[in-house]
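Visitor: Hi! I'm new to protein structures and would like a tour of this one. Could you walk me through it?

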Amino acid sequence: MRTAYSVETVRGAERELMARVPEGALMQRAAAGLAAACAELLGRVYGSRVVLLVGSGDNGGDTLYAGARLARRGAGVAAVLLSPERVHAGGLAALRRAGGRVVEAGSGTEPAAAAGFDRVEEAILRADVVLDGIVGIGGKGGLRPEAERLAGVVAQSGAAVVAVDLPSGVDADTGEVRGAAVRADLTVTFGTHKPGLLVDPAREYAGSVRLVDIGLGEVLPARPELEALQHADVAALLPAPGAESDKYRRGVVGIAAGSARYPGAAVLAVSGALRGGAGAVRYVGPAGDAVIARFPETLVSDQGPHKAGRVQAWVVGPGAGDDAGTVAEVLEADVPVLIDADGLRLADLDVVRDRRAPTLMTPHAGEAAALLGVAREEVEGARLKWVRELAARYRATVLLKGSTTLVADPESALVRANATGTSWLATAGSGDVLSGLAGSLLASGLSALDAGSAAAYLHGLAGRFAANGAPAGAHDVAEAIPGAWRDVRG
């Protein structure tokens, strides 16, 4: 499992650990890991051209010490100082001793020529690797003008870009990008992941992320601010039938979805539930004929949710149109309920808040924005902030769909980020499949947080398997769920 901690927590852990180890030990550990990652990226260090974009403080120090290590291995290293009056003195001295060249950003042609190249821009454009050590994890807002100018030159170069701890210009705690920022091919982060590395839009700027262990694990709190499940974590959550299992013990999920206008939503939600491991699926709604024609094993009823029979969880809302009565009836049930699509619009806030059984809401950014009364762009730009706000407002677990799906628990404030998704999932009906899949996991006994997290993970994998680089529809995604399940289980 990947875990991420806030800047405040990381700094507190670093202070505690620094009191136990020799002075400078943490910076040397970080620099060693950073240099090793750059060497691996370069393949051949000797004779390569490396440019360091160096800001102030410890982030700049990490960059300079790593540059010194590469210079000692034969790389031609040039450091561009953006804050020369606040540069890390020890790191700068180490780079110079190793034969590295130094120039101040924006200082004109002559100092750059003295360092062995005509212009800073020329050095960047000729580089094999550029290290972004401009701003550390405490940075807020976009880049300053000189840093923005250099980042633009980097973007025009063919160099591989390595961000030091995180890309400059992104918010480490929230994943927000409020202006210009560096786009990295690789981010080498130290001690632990930072939330912004796992949440879009910042995640898009990070490229691949490599974690360097500097010993923080022994002093970090047990509960992170954010976590991302991996194969083994999801495998441990997935239910497996026992010798005495029957369809009721495996979980029966009720699907209240579809309408005369949108019968396909019901079919797709049922398909997700059946492939998600449910022992049985009970369908309630006007699309019964379409459902039974496609899935004859479905238990179809036209008597409403109260008379549908026993279920361990409900899914309500996909393609429901304006059927507020069915949504209200499902919310009265004393079993877990997943609310999606039209159900989100029709569900009464106070009724959801007062439910005693778990509730899982699955909006996309536009639906979340409507519930919150803000613009869609606000939700997309600050996904972590708004998923927490929505979970707190409704006292429900919220699965915010998108490029990185986030699942927020209302009680602990823990958020899980899922990165298995693919843009090929942006297709009509894909969310209906996800709802059925998550509903089946709710019916099996998983908590709303675990059901939402595991469903998002499997759904993302299924989308990748179904598309395999080519267009795929929601039906194809549903068909690929068993393959994703097998892949996770190994």
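Guide: Happy to! Let's begin with strand β17 (residues 405-408): Thr405 and Val407 point one way, Leu406 and Ala408 point the other way, and all are buried. Buried means under 20% relative accessible area, exposed means over 50%, and partly exposed is in between (1.4 Å probe, protein chains only). Helices (H or I, at least four residues) and strands (E, at least two) are DSSP runs, numbered from the N terminus.

Visitor: Why do the side chains point in two directions?

Guide: In a regular strand the side chains alternate between the two faces of the sheet.

Visitor: Before we go on, what kind of model is this?

Guide: This is a predicted model, where local features need pLDDT of at least 70 and side-chain atom pairs count only at pLDDT 80 or more, while totals for chains, interfaces and linings use all residues. Residues are numbered from 1 along each chain as its sequence is written, and side-chain values use heavy atoms, leaving out hydrogens and water.

Visitor: Thanks. Which strands are joined to β17 by bridges?

Guide: There is strand β16 (residues 397-400), which runs antiparallel to β17 and is joined to it by 3 bridges. Strand β18 (residues 415-418) also runs antiparallel to β17, with 4 bridges between them. Two strands count as a pair if DSSP finds at least two bridges between them.

Visitor: Who sits across from whom?

Guide: Leucine 399 has valine 407 in β17 as its bridge partner. Leucine 406 stands opposite alanine 417 in β18.

Visitor: And what about the turns in these hairpins?

Guide: The hairpin of β16 and β17 has 4 residues between the strands, and glycine 402 in its turn has a positive phi of about 160°. The hairpin of β17 and β18 has 6 residues between the strands, with alanine 413 in the turn.

Visitor: What is the phi of alanine 413?

Guide: Alanine 413 has a positive phi of about 70°, although it is not a glycine. Most residues other than glycine have a negative phi, and most peptide bonds are trans.

Visitor: Is alanine 413 buried or partly exposed?

Guide: Alanine 413 counts as partly exposed, at 42% relative accessibility.

Visitor: Let's change topic. What can you tell me about β5?

Guide: Strand β5 (residues 129-133) has 5 of its 5 residues buried, so it is largely enclosed by the rest of the structure. Val129, Leu131 and Gly133 are on one side, with Val130 and Asp132 on the other.

Visitor: How does β5 pair up?

Guide: Strand β2 (residues 49-54) pairs with β5 in the parallel sense over 5 bridges, and valine 51 has valine 130 as its bridge partner in β5. β5 and β6 also pair in the parallel sense, over 4 bridges, and the partner of aspartate 132 in β6 is alanine 163.

Visitor: Which residues touch the most other members of the largest nonpolar core?

Guide: Those are Leu34, Leu52 and Leu131, in a core of 59 residues. Helix α2 (residues 25-42) gives the most to this core, with 10 residues. Apart from it lies another core, of 52 residues, among them Leu425 and Ala454. A nonpolar core is a set of buried Ala, Val, Leu, Ile, Met, Phe, Trp, Tyr and Cys residues joined through side-chain atoms within 4.5 Å.

Visitor: Last one: what does the whole protein look like?

Guide: The protein has 21 helices and 18 strands, and its C-alpha trace spans about 85 × 45 × 40 Å along its principal axes. Of its 490 residues, 57% are buried.
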